[in-house]
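Here is a short briefing on the chain, put together for a reader who likes the cut-offs spelled out. Have a look at the structure first, then read on.

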Amino acid sequence: MPADTPAAVLFDMDGTLVDSEKLWDRSLVDTLTWLGGGPLTDEARRETVGGNLEFSIGVLLREAGVSSTPARVEETAEHLLARTEELFLLGLPWRPGAQELLASIHDAGVPMALVTNTGRRLTDLALRTIGTRWFAATVCGDEVEHGKPAPDVYLRAAALLGVPAQECVAVEDSPTGAAAADAAGTVVLVVPCEVPVPDGPRRARRDTLAGLDVGGLATLFTDVRTRAASHAR
């Protein structure tokens, strides 16, 4: 393994480790119908990818033509969460290569954190599929002041692990998540799932995690940092 191994690897959850975005789609559509609206447009769906619960509810209320009162937001959130819980309890499909990469990093002794815009309520359900044993820390969107695309979740995860964010690799699938990791100063491995993600100076890209191990991740980390340093000169 290259000497320039990341201090930690910070994983997004939805669309990165597990293919939960498709289940989230079903919950959004069901909730929009419950609100009296629909269908959910492709543009509105793309807006919600990588976003937090509050933002997604705002999109649903807008699409349904319903006023965003505190009471309406609260009952819509409960409906959306309850429907998503039902789907999560059926089990979450893994993204290709995700389990194998987690095992490779774990066996190498590199610490990992789960860093998600999803709230703690749903994250703990998802962890029944993913497993808590991989992660030295988990940070959810409802546990920081600002969710992604702000860097708060990544900065908190790095702090909990006791490492500088700039020495970490974040693995992300969405523009929102990649922007958050960028803002925190991490190297970002982009593995798109539902929507395209633009390139960036501290970003690498793969179509899939399949075939990637901790050695490959370390090489990627070194290559991105070398490229970024040369561009900064």
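P149 is found in the loop between β3 (137–139) and α7 (152–161); helices (H or I, at least four residues) and strands (E, at least two) are DSSP runs, numbered from the N terminus. This is a predicted model, where local features need pLDDT of at least 70, side-chain atom pairs count only at pLDDT 80 or more, and totals for chains, interfaces and linings use all residues. Residues are numbered from 1 along each chain as its sequence is written, and side-chain values use heavy atoms, with hydrogens and water left out.

**Cis peptide bonds**
- K148 and P149 are joined by a cis peptide bond, with omega about 20°.
- Another cis peptide bond links G38 and P39, with omega about -5°.
- The loop between α1 (21–34) and α2 (42–48) holds P39.

**The sheet**
- Six strands form an open sheet in the order β3-β2-β1-β4-β5-β6, with parallel pairing (two strands pair if DSSP finds at least two bridges between them).
- At the edges sit β3 and β6 (203–205), each pairing on one side only.
- From one strand to the next, the twist averages 20°.
- Strands β4 (residues 168–172) and β5 (residues 187–190) run parallel and are joined by four bridges.
- A170 has V188 in β5 as its bridge partner.

**A helix across the strands**
- Helix α5 (residues 98–107) lies across β1 (8–11) and β2 (112–115), at about 155° to β1; axes are lines fitted to C-alpha atoms, for helices over the stretch in contact (heavy atoms within 4.5 Å), and angles run from 0 to 180 degrees between N-to-C directions.

**A charge over a ring**
- R72 lies over the face of W34, 5.4 Å from the ring centre (the rule asks for NZ of Lys or CZ of Arg within 6 Å of the ring centre and within 35 degrees of the ring normal).
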